[in-house]
Amino acid sequence: MSRICKNCLLRDMEQAERDKIEKYLKAIKRDDRVTDSVYEQRLEICKGCEKLNEGTCAACGCYVELRAAAKVAHCPQKHW
């Protein structure tokens, strides 16, 4: 049994988790998504946050990789 990293994103975990996130990310219309560079910047901030817990945000319960992709989304902790 592999150990789950508390401060990891889902894409850093098991293949099934990566596949799930990719499926949902593809469902977000391109016009509704931030650029790839903004997305990666947001995720880096999330990875350093104490609220990150196994790919989800403990402040709001979202999957951080999905929230970080949406133009209209914001960090509940106001980090981005």
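Is Arg-30 buried, partly exposed or exposed? Arg-30 is partly exposed, because its relative accessible area is 49%, where buried stands for under 20% relative accessible area, exposed for over 50%, and partly exposed for what lies in between (1.4 Å probe, protein chains only). The model is predicted, so that local features need pLDDT of at least 70 and side-chain atom pairs count only at pLDDT 80 or more, while totals for chains, interfaces and linings use all residues. Residues are numbered from 1 along each chain as its sequence is written, and side-chain values use heavy atoms, with hydrogens and water left out.

## Charged side chains

The structure holds one salt bridge, a term that requires a side-chain nitrogen of Lys or Arg within 4 Å of a carboxyl oxygen of Asp or Glu. In this salt bridge the side chains of Arg-30 and Asp-36 meet at 3.7 Å, N to O, and Asp-36 is partly exposed, with a relative accessible area of 49%.

Arg-33 is placed in the loop between helix 1 (15–27) and helix 2 (36–47); helices (H or I, at least four residues) and strands (E, at least two) are DSSP runs, numbered from the N terminus. With residues up to four places away in sequence set aside, Arg-33 touches Leu-25, Ile-28, Ala-69 and Lys-71, contact being heavy atoms within 4.5 Å. Thr-35 is found in the loop between helix 1 and helix 2, and its C-alpha atom is separated by 8.9 Å from that of Lys-71, 36 residues apart along the chain.

The buried residues of helix 2 are Tyr-39, Arg-42, Leu-43 and Cys-46. Seen down the axis of helix 2, these buried residues fall within an arc of 100°, so they line one face of the helix, the arc being that of the directions from the helix axis to the C-beta atoms. They pack against helix 1, strand 1 (52–53) and helix 3 (64–67).

The largest nonpolar core has 16 residues, and those with the most contacts inside it are Leu-9, Leu-25, Tyr-39, Leu-43 and Val-64; such a core is a set of buried Ala, Val, Leu, Ile, Met, Phe, Trp, Tyr and Cys residues joined through side-chain atoms within 4.5 Å. Helix 1 and helix 2 each supply at least two residues of this core, and helix 2 gives the most to it, with three residues. In soluble globular proteins, nonpolar side chains tend to be buried together.

Beyond four places in sequence, Val-64 touches Leu-9, Leu-43, Cys-46, Leu-52, Gly-55, Thr-56 and Cys-57.

Cys-60 is found in the loop between strand 2 (56–57) and helix 3, and, leaving aside neighbours within four places in sequence, Cys-60 is in contact with Arg-67 and Pro-76. The C-alpha atoms of Cys-60 and Cys-75, 15 residues apart along the chain, are separated by 9.0 Å. Pro-76 lies in the segment after helix 3 and, with the sequence neighbours up to four places away left out, touches Cys-57, Ala-59, Cys-60 and Arg-67.

Most residues other than glycine have a negative phi. Glu-54, in the loop between strand 1 and strand 2, has a positive phi of about 55° although it is not a glycine, and Lys-78, in the segment after helix 3, has a positive phi of about 65° although it is not a glycine.

| Residue | Relative accessible area | Class |
|---|---|---|
| Thr-35 | 44% | partly exposed |
| Glu-54 | 39% | partly exposed |
| Cys-60 | 35% | partly exposed |
| Pro-76 | 32% | partly exposed |
| Lys-78 | 73% | exposed |
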